[in-house]
Amino acid sequence: MTNPAPEPLLALSNVNTFYGQAQVHFDLSITVARGHIVCLLGGNASGKSTTMKIILGLVKPRSGEVSFDGASLIGLTTPQIVRRGIASVPEARRLFADMSVRENILMGAFVRNDREAIAQDLDKMLTLFPKLGQRLAQRAGSLSGGEQQMVAMARALMSRPRMIVMDEPTMGLSPLYVDRVLELIRTINREGVSVFMVEQNASLALEIAHEAYVLQTGKIVLSGPARALKDDPRIRDAYLGGSEAA
Ligand SMILES: Nc1ncnc2c1ncn2[C@@H]1O[C@H](COP(=O)(O)OP(=O)(O)OP(=O)(O)O)[C@@H](O)[C@H]1O
Ligand SMILES: [Mg+2]
């Protein structure tokens, strides 16, 4: 009666990662289904950002497999991985502070050369992020944190990705911007982009994720549908903290 599980868009299988002698991932296995938002939760230094770097080819695992749309990403360079359809919104946004908002957004299209479609996509970004419209000529470094997050998201979308990976997209933002960024992630996802995001704020992440994984010192200790994890006492004790339940 059950349908066979469809092939995931992204799969990390038994990944072991080291920095020198120090092992950071222990048989890490994560899958992201097509069209889903998957969240990786975990405390400081648990190996979350390193997981993103593995997906983007910035760090090489010592063993294990990483595949996207059925093909291995191991050994590919970051630009090759972007061309396969993965775009990133790195930690702390990483904008070119002295360049304009427009230049930063267009940077995301570096893998494309369809000029007219790029111009159309820029217009589309201004529909999706209307606040950026008046700021296209402004120095990116002079934007507020929330505005910078939007530029980073627009830049990622300019490569027309099939998947976006994001490192702590709500970190350091005011509550208003946190809600806005989460809503934008939902909107992007509804348009067909799968999302893999790293978050420390479990209660926020579980609001928008389909599935979540909990990483503890490099090991997945808990995973499942976000709805189930939200009510799981283990995650509540470890990450949601009794007091902030709202
Ligand atoms: N380039 C590096 N060289 C050596 N060790 C590193 C390097 N990058 C990260 N580490 C170590 O690997 C471990 C995991 O780091 P990582 O950045 O993946 O954690 P994280 O879960 O993203 O943490 P945070 O919540 O603080 O962002 C940490 O102990 C960190 O010190
Ligand atoms: Mg990190």
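User: How far apart are the end C-alpha atoms of α5, and why does that agree with its 13 residues?

Analyst: This is a predicted model, where local features need pLDDT of at least 70, side-chain atom pairs count only at pLDDT 80 or more, and totals for chains, interfaces and linings use all residues. Residues are numbered from 1 along each chain as its sequence is written, with chains lettered from A and ligands numbered from 1 in the order in which they are written. Helices here are DSSP runs of H or I, at least four residues, numbered from the N terminus, and the expected span is 1.5 Å times one less than the number of residues. So α5 should span 18 Å, which agrees with end C-alpha atoms that are 19 Å apart.

User: Is α5 mostly covered or mostly open, and how many of its residues are buried?

Analyst: Buried takes 20 or more other C-beta atoms within 10 Å of a residue's own, with C-beta atoms placed from the backbone. Among those that pass in α5 are Gln148, Met150 and Arg155. The helix is mostly covered, and the buried count is ten of 13.

User: Which helix gives the largest share of the shell around ligand 1?

Analyst: Shell residues, with a C-beta atom within 6 Å, include Tyr19, Lys48 and Gln200. Three residues, the largest share, come from α1.

Note on methods. Helix = DSSP H or I, 4+ residues; strand = E, 2+ residues; numbered from the N terminus. Buried ≥ 20, exposed ≤ 12 C-beta atoms within 10 Å, placed from the backbone.
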